[in-house]
Amino acid sequence: MRAVQVAKPGADFELVDRPVPQPGHWQVLVRTAACGVCHSDVMTKDGMAGAYPRTPGHEVAGTVEAVGDGVAQWQVGQRVGIGWFGGACFTCTPCREGDFISCRAARVTGLSADGGYAEYVLAPADALAAIPDELSDVEAAPLMCAGVTCFNGLRGSGARAGDLVAVVGLGGLGHLGVQFANKMGFEVVAIARGEEKGEFARQLGAHHYLDSTVVDVAAELARLGGARAVLSTVTSSAATTATVGGLRPRGRLVVIGVPTEPLQVSAADLILASRLVAGHASGTGMDSEDTLRFAALTGVRPIVETLPMAEANRGYARMMAGQARFRIVLTTR
Ligand SMILES: [Zn+2]
Ligand SMILES: [Zn+2]
């Protein structure tokens, strides 16, 4: 099979020929149709994978090609996705508590095991999500990381139908976050830089748009009644924490973008209104399946650019430069 690998930390992606792996006990072999390029692929590229060479890619959509022994729930020919969650150990304390995304020995697709920048990829049976017929492989792929992270972050935020919810950023994550927030029944505030993005935000389902270069975001959120939740998708620490004062009492800032700088939050802002700042990890195979079904049901779709797998370097460079509109998806054929 053709596969893209990182030969050693910091190396460019290279296309290689490899034998097709065979599924062992409780494993599923998936024939990849599409794989999204995610910012977290930087971890594989820059040296955080356990071993090299390593094939990145954790936004996989494809078809079950073969199943190992002990796999009863997946059938050959079934369309499935694989995300960041690449399987749990079932024996560590979080697993025994049923919190599989927090598994201490979690297998991470494309990082601790080879991922979807390849024509075939192996995954344990618990890592898969069924893809509904309404979604194409190219549409499903970005929902396996960007999508489930936004969807799960919002549904776990404590906000309920009708509540004011803000989404910071309108990029690969944010353009999905705004759509999900609208379809979940929230009053949606999109926050980004530049007046020109307002029209796009409204097309995605935002009821309000705040240009953070000209308004005091916290004051504007407070004027709208205060946000029950803010989903921050950006890599700016300052833009993330600028929303805290705009949370209503007991409101929650959910951080899913990864700023390089630490978040600086005023303790008074937290204490005086009992506000919360929370991180949120992506989601399990079941969470991804919920995301896909919700997207199929409501019309939420990623906006993507597709490239052949052989152009992984170009796709990764566009993503890293912030030029992707809005997710890059590699296709195998
Ligand atoms: Zn990702
Ligand atoms: Zn575990």
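Okay, let's start with the zinc ion that is ligand 2: its site is tetrahedral, with angles of 101 to 120° among the four donor atoms. Tetrahedral here is the call for four donors when all angles lie between 85 and 135 degrees. Before I go on, this is a predicted model, where local features need pLDDT of at least 70, side-chain atom pairs count only at pLDDT 80 or more, and totals for chains, interfaces and linings use all residues. Residues are numbered from 1 along each chain as its sequence is written, chains are lettered from A and ligands numbered from 1 in the order in which they are written, and side-chain values use heavy atoms, with hydrogens and water left out.

So, which residues hold the zinc ion, ligand 2? The protein donors are Cys89, Cys92, Cys95 and Cys103, each through SG, at 2.3 to 2.4 Å. A donor is an N, O or S atom within 2.8 Å of the metal (3.2 Å for Na, K and Ca), and since water is not among the atoms, sites may look incomplete. Along the sequence the spacing reads C-x2-C-x2-C-x7-C. Two of these cysteines, Cys92 at 12% relative accessible area and Cys95 at 5%, are buried (under 20% relative accessible area; exposed is over 50%, partly exposed is in between, with a 1.4 Å probe and protein chains only).

Now the other zinc ion, ligand 1. Its protein donors are Cys38 (SG), His58 (NE2) and Cys145 (SG), at 2.0 to 2.2 Å. The sequence spacing is C-x19-H-x86-C. His58 sits in the loop between helix 1 (41-45) and strand 4 (60-67), while Cys145 is in helix 3 (residues 137-155), so this pair ties together parts that are 87 residues apart in sequence. For the record, helices (H or I, at least four residues) and strands (E, at least two) are DSSP runs, numbered from the N terminus. Both His58 and Cys145 are buried.

On to charges. Side chains of opposite charge can pair when their charged atoms come close. A salt bridge here is a side-chain nitrogen of Lys or Arg within 4 Å of a carboxyl oxygen of Asp or Glu, and by that rule we get 13. One of them joins Arg54 and Asp114, at 3.2 Å from N to O. That pair links distant parts of the chain, 60 residues apart: Arg54 is in the loop between helix 1 and strand 4, and Asp114 in the loop between helix 2 (93-96) and strand 6 (120-124). Arg54 is buried at 12%, whereas Asp114 is partly exposed at 29%. Arg18, Arg54 and Asp114 are linked in a network of salt bridges.

Another one pairs Arg155 with Asp287, closest N and O atoms 3.0 Å apart. Arg155 is in helix 3 and Asp287 in helix 9 (residues 285-298), so parts 132 residues apart in sequence get tied together.

Last, the packing. How many residues are in the largest nonpolar core? There are 41, and Leu154, Leu170, Val178, Phe180, Phe186 and Leu292 have the most contacts inside it. Such a core is a set of buried Ala, Val, Leu, Ile, Met, Phe, Trp, Tyr and Cys residues joined through side-chain atoms within 4.5 Å. Helix 3 gives the most to this core, with eight residues. A second, separate core has 29 residues, among them Val6, Val60, Val80 and Leu307.

Technical notes:
Tetrahedral: all angles 85-135°; square planar, octahedral: opposite > 155°, others 65-115°.
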